[in-house]
Amino acid sequence: MNTTSDTKQTGGRRSFLPAAINLRDAGTLLGLALIFIVFAVLNPVFLTIPNLLNILQQSSINACIALGMTFVIISGGIDLSVGPAAAISAVAGAALMTAGVPLPVALLGAVGTGMLCGLFNGCLIAFAGLQPFIVTLGGLSLYRALALIFTDGNPIFGIPPEFRSFINGDVLGVPVPVLIVGLIAVILWVVLNRSPFGEYILAVGGNQEAARIAGVPVARTKITVYVMSGGLAAIAALILMGRLGAADPTMGNLWELDAIAAAAIGGASLMGGKGSVIGTLLGAVILGALRNGLTLMNVQAFYQLLATGIIIIVAMLIDRATRGRA
Amino acid sequence: MTTTLKTILLAGTFMGSAGLALAQDLPPLNSDEEEDRIDWSQLEAEFGPIPAPDDGTAVGGVSKTLTNEYWRSLGEGYQNVAEEFGVEFAYQAAPSEGDQLAQLSIAENMMLQGYDALLFSPQTDNNLQPALEAAQSQSMPVVNVNDAVIPSVEHYVGNVQRDNGVRVAQWFIDNTEGGKVAVIEGQPGVFAAGQRTDGFTTTINEASGFEVVASVPANWSREEAYNSASTILQQHPDLIGFYANNDGMALGVVEAVRAADLQEQVAVFGTDGISDAYNSIRAGDLTGTVDSFPVLTGEVAMEVALRLLDGQDLPRVVATPQALITSENIEQYSVEDTDKLREMLLAE
Amino acid sequence: MASDIIRLAVDGIHKGFPGVKALEDVSFEVRPGEVHGLLGENGAGKSTMLNVLSAVLKPDAGEIRIDGATIRPSSPKEARAAGIAMIHQELQHIPGLSVAQNIFLGRPLKTAGGLLVNRRAQERRARELLAELDPDIDPGRPIHELKVAQQQIVEIARALLDDAKIIAMDEPTSSLTPSEFDSLAALISKLSGQGVSIIYVSHKMDEVFQVCQRATILRDGRFVATVDLAETSEDEVIASMVGREISAERHVSHAGTDVVLRAEGVGDGRMIRGANFDLHKGEVLGVAGLVGAGRTELMRLIAGIDRMTEGRVEVNGVERRFRTPREAISAGIGLVPEERKKDGIVRDRSVASNIALPCMKRFSRAGLIRRAHLRREATSLMKQMNLRPPNVDRPIGQFSGGNQQKVIIGRWLAADVDILLFDEPTRGIDIGAKSEIYDLIERLAATGKSIIVVSSELPEILRLSDRVVVMREGEIAGILSGDEIDEGRIAALAIPQSKSRSSKQTAEPVSQP
């Protein structure tokens, strides 16, 4: 009768498992490395510093949206309204700027507009108990409509040059949008992995009822993730506005899908409870690098779509295989 | 391959100076009204034959989307001239008409590859702005070809958008006794859509006996156009005509008219002159289209790029031809060979 | 009936999962018409064994013989064809379809043309099958309208339709009332009389001894023994399941006189009406009653999970109205829920994270979690509670039910609540962990925590409680204390007095001991 020794054995054998969380990010990184190697071999321009910075710059807007999306997805929801929320924030910000409001106030106004969109989504989801997919699908039309009505469909030009040159500038060669999104990512990593709120999001997404019974403020947590998503959409909109020199009410078309793709490639589970800031960043860069590399090789757009689709599905299959039955 | 080194240098300058090269002295371009302009037919007379490009010259083309035949035809035109002059040419487009960021990425990626000039057709009036600025900062010629116009662009090749609507309005004035008409607009906020609609509406309102009962955007989509047209016909069964901002939408309208069984009464006009539109005119469904001769436009645009690379100081706008095609003149314009088309248009 | 001929032989079965040996060299034999128990703690390999038998899993080595012939089914369907039918703990019917449709699911009787399902023939055949098992079941009725016990009988009918030689039942009584169990036992003996062999998996020793002739005991995936139950005592069986002796001493009261929780006229406007009771400091208050008497619902009201519509709750003499569990927690009330998977754990999060959920503030500084501090605290807490394996970084979903329960309890200790509500604290937990949880509850009471234990197992109530609240049809039927606490009195209070009153209860009267 020596059960104790058996139990110990099993225990010891399984103890490596917590590392599995980072294993998933390592997998994404491996995928990214693979894509880099293939393109580097096929095209000499790909692995040059300017092109790499170019990839980062191009990925930064999607990454910004996708980070917000990741939080929403981890909480067990989805935010389809990010593109239009970005558009309405851009339009609001640009209108304030062109009206001569001090720049910082205009920027706050834009981010505030995005957060308001998120607050609206979040309250309907948390208090009225509506499904996130439907609520944000409504938001998708609603915010777009507001942006178009407000501008009569016309882009707003006349973005202050100081704002434009800030966004289009660089620090030691690294484009400002990349730095902004990098900073946001660091903050969000800390929030997700080191703050009580991060635990709440993971718990609500993992098992909402258990989280509620354990005393997690479920409604507050849900609302906050949508507000964050709206705010990040606004920041992405400001970056794009700075680059384009205009706020277009049609901005942000299909952003939600790119963002969901980046989050999913990075390991976020649409069932909730799982996701990673680093993974999502890598996912966004994978999509950006793919588009960049294929353009460099002169591959037509339809095939780029094909490649994106394949990457997403392959990522999900690997996900399935590595997570196994646990 | 124009060596990696060159690309690195170019791109390095781009990154470093992107922040500085924002302010341009040029006034915002309105391609229809800009005074610094020349008709395509005058290019050779004013500036001589197309100069032979340097060896290894490479030109990139960024189109809206290849799902629309118009943009494929435009690329064909680019390619014709590129082949004739031994220019390396690459033509890319966003996966869909609305994917503005994808188009920007493509343009930026192409810039890094060391093309000598860029021909682009932006999806909106601003989505390719950063690529344009980067090109300007390294003195790379950029030609905005048709449709949406980025206001700070230095060179534009395309038809007079407003004239497009004017021609259709004129047809109604000449061929009907007046009545109710409707407009199916393209993407709101896009320059071409606004100008075409405005040209039509203003002209027809100046004539007596016409009323524009509806003017709704269908975002260049055949399906949306079909739905809008169906609704309009329901509300105004006595409508006599539609003007759509492009052929795809016009073909959607044709279906709606057919479904309402009003072919005899309602005239439908499109814009662009794609082959489906020609077929539909021949079949007696579509009344007409304003053909802006995309292949020829592409050829002119590539010609302009080569002239710019040679250092010629061209006017800011090069206007390309267009013509109202109806069953009466369709066979005349149905020529495969653009040289013949050129001759015919030049003879007009 | 039971003869020396071998109906089913399981010979040297091995089955491993990545990192775990679930079954190691397991062999046993079942005779025709024998009711054979399969016993073991959770994780001993019973479920894996059943899954191998029903061909849900493929064994790594070893073989299965029926009537001497080796079978190698590659799907549950083939296993059924070979004569092994499985009745799962969670019944596998399709709600909305009729009883007959469920019986013939996947093998419908066709009309002459072979294209359409012949519903009438199906119902006729189903009626014939059910006539022997339970004539009260109408084959045309939607299956979800039946009681669980009747649904189980439908599953058995399904197995008989396949001419099953062996029917494996996984915890068949987990949601049955005692009288329903009696009918099941009768049915099992009838089947065994017809020569059908039954493999009976259960935690409940009294049932196993009543129903089975022999039993095979597994421990940690290994075969321990096959015993003749007529010649073995319950304690011997338990000892070989657990590998050690289980203590069973009675409860020592630590109840004080201060009232920490007072419920007056508490109700939810639906099921619970006018519940009055007091909970004293250091007291263990048992809550007994039939399934569906409203015990869980009452606990959920007190813990702020569901909305209270009438009555009042006082905590330490102060009236409180909880709109969320969070508010109840801050008043010092924590619930250890019955359905651990659904209401208790966040499966993919670590033990430490699961512990910290209600009291993030305690483990944070300047808005950030102090991970090292949390790990230290959680580790020391879990060491006291004998968490196995003692690794607080592992996702809680990878622990056994008993260990998960320890984490949920640990959560409330970390949050330092004064009032702990346990809803069926040992459901689905193996015997070894069960006694650890009993010890823990007693230790908590000794340190001044006040405790309510809801349980359907009378021995558990009797062992733990200082006083017992008995619920009946949403009301408190009585409160017993001291010597009043015995099975007879509890049962008498729990049984609805009048049949005429409509009730949601699925249960029927408890059989008197």
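Student: How many residue pairs are in polar contact between chain A and chain B?
Tutor: Twelve residue pairs, with both partners at pLDDT 80 or more. Keep in mind that this is a predicted model.

Student: Which elements of chain A give two or more residues to the side that touches chain B?
Tutor: They are α3 (49–74), α7 (161–167), α11 (218–244), α13 (277–296) and α14 (301–323) of chain A. Of these, α3(A) gives the most, with six residues.

Student: And how does that side split by class, nonpolar, polar and charged?
Tutor: On the side of chain A that touches chain B there are 20 nonpolar, 17 polar and five charged residues.

Student: How many residues are in contact there, from chain A and from chain B?
Tutor: Chain A has 42 residues in contact with 43 residues of chain B.

Student: What area do the two bury between them?
Tutor: About 3400 Å² is buried between chain A and chain B, and 59% of that is on carbon and sulfur atoms.

Student: How many salt bridges does the rule find across that interface?
Tutor: Three between chain A and chain B. To give one pair, Arg291(A) bridges to Asp99(B), where the closest N and O atoms are 4.0 Å apart.

Student: Okay, switching over to chain C and chain A. How many residues does the contact take from each?
Tutor: It takes 41 residues from chain C and 32 residues from chain A. Between them chain C and chain A bury about 3300 Å², with carbon and sulfur atoms giving 56%.

Student: Which residues in chain C lose the most area to chain A?
Tutor: Those are Arg326(C), Arg349(C) and Leu357(C), which together make up 16% of what the chain C side buries.

Student: How many salt bridges are there across the interface of chain C and chain A?
Tutor: The rule finds four. Arg371(C) forms a salt bridge with Glu199(A), and their closest N and O atoms lie 2.9 Å apart. The interface of chain C and chain A also has ten residue pairs in polar contact, both residues at pLDDT 80 or more.

Student: Which elements of chain C supply at least two residues to that side?
Tutor: In chain C, β2 (20–30), α10 (325–330), α11 (340–344), β18 (368–369) and α14 (401–414) each do. The largest share comes from α11(C), with four residues.

Student: What about the classes on that side of chain C?
Tutor: The side of chain C that touches chain A has 15 nonpolar, nine polar and 17 charged residues.

Note on methods: Residues are numbered from 1 along each chain as its sequence is written. Chains are lettered from A and ligands numbered from 1 in the order in which they are written. This is a predicted model: local features need pLDDT of at least 70, side-chain atom pairs count only at pLDDT 80 or more; totals for chains, interfaces and linings use all residues. Side-chain values use heavy atoms; hydrogens and water are left out. Contact means heavy atoms within 4.5 Å. Buried area is the accessible area (1.4 Å probe) that two parts lose on being put together, summed over both. A salt bridge is a side-chain nitrogen of Lys or Arg within 4 Å of a carboxyl oxygen of Asp or Glu. A polar contact is a pair of N or O atoms within 3.5 Å; within protein, one must be able to donate a hydrogen and the other to accept it, and residues adjacent in sequence count only if both atoms are side-chain atoms. Ala, Val, Leu, Ile, Met, Phe, Trp, Tyr, Cys and Pro count as nonpolar, Asp, Glu, Lys and Arg as charged, and the others, Gly among them, as polar.
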